[in-house]
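The following questions and answers concern selected local features of one protein chain. Please consult the sequence and the coordinates alongside them.

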Amino acid sequence: MGVIGLGGVGIHALQIVRAAGAEAIGFDLSPRAIDAARALGLEARPAGEARDEELDVVIDAVGQEATMRQAEQLVRAGGRIVAVGYSATSSFVVPSRRFFLEEVELLGSRYVRMDELQRAIQLVADGRVRMMVDAVKPFAEAGEALTALREGGVVGRLVVDVAGVT
C-alpha cells in the first residue's frame, strides 16, 4: 500500500496501515515530512522516487493533479486508488484504459463513520498510532497557520487555539 502526502491525513493513514499489519510506504515532497515518518518507524521516500511500485492500494492524501497522476502510476492492475485529499480548484484525469482494461478502481472518501472514528481513537489510546501535531497557534495567527498549510510547511496537524489557552 502507498500513501501520497504525509501531512495531517497522510502521516496518520500510514500509521493506521502499519497498525493493521500491512506493508506500506509513504511519499512526500517535504524532507521534513519524510524524516517525521521515518522517526515513527515508517517507510517513506521522496515523491520523486516513486516509480513502478505496483501497489495494491494507493491513498492520495493531497488531491492535486500531479498526485493523482502519481497514484495512477503506482497502482497495480486490479488495484484501487483512494482519493482522500482534495482542492476545490483542482481536477484530475485517470486514463480510461486503467479502468476498463486494467480494472483499477477509484474511490472517493470524504470522512469517516462514527465506528471508524472510534477505532481510530482506540488506536491512539493503545499507542499504535501517534498523534502528530506540528504546532499550536493562537487564533490571532490563524492566517499565518493557513498559509503554512497551503505551502506544505506543516507535518501532521496544525492546531489553532480559539480559546486562548496555549
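Q: How far apart are the end C-alpha atoms of helix H5, and what span should its twelve residues have?
A: The model is a predicted one. At 1.5 Å a residue, counted over one less than the number of residues, the twelve residues of H5 should span 16 Å. The distance between the end C-alpha atoms agrees with this expectation, being 16 Å.

Q: Which residue with a positive phi follows H5?
A: Helix H5 covers residues 114-125. The residue in question has a phi near 80 degrees and is glycine 127.

Q: Is valine 112 buried, partly exposed or exposed?
A: Valine 112 sits in the loop that links strand E6 (105-108) to helix H5. Together with Tyr111, Met114, Leu117 and Ile121, Val112 makes a nonpolar surface patch of about 530 Å². Buried requires under 20% relative accessible area and exposed over 50%. Because its relative accessible area is 40%, valine 112 is partly exposed.

Q: Is alanine 37 buried or exposed?
A: Alanine 37 belongs to helix H2, residues 31-39. Beyond its neighbours within four places in sequence, alanine 37 is in contact with Leu6, Ile11, Leu42 and Ala44. Its relative accessibility is 0%, so alanine 37 counts as buried.

Q: Which residues does threonine 67 touch, not counting residues up to four places away in sequence?
A: Threonine 67 lies in helix H3, residues 65-74. At 12% relative accessibility, threonine 67 counts as buried. The residues touched are Ile4, Asp60 and Val62.

Terms used
Residues are numbered from 1 along each chain as its sequence is written. This is a predicted model: local features need pLDDT of at least 70, side-chain atom pairs count only at pLDDT 80 or more; totals for chains, interfaces and linings use all residues. Side-chain values use heavy atoms; hydrogens and water are left out. Patches are made of residues with over 30% relative accessible area and no salt bridge: like charges are joined within 9 Å, nonpolar side chains (Val, Leu, Ile, Met, Phe, Trp, Tyr) within 5 Å. Accessible areas come from the Shrake-Rupley method with a 1.4 Å probe; for residues, only the protein chains shown count as cover. A salt bridge is a side-chain nitrogen of Lys or Arg within 4 Å of a carboxyl oxygen of Asp or Glu. Helices (H or I, at least four residues) and strands (E, at least two) are DSSP runs, numbered from the N terminus. Buried means under 20% relative accessible area, exposed over 50%, partly exposed in between (1.4 Å probe, protein chains only). Contact means heavy atoms within 4.5 Å.
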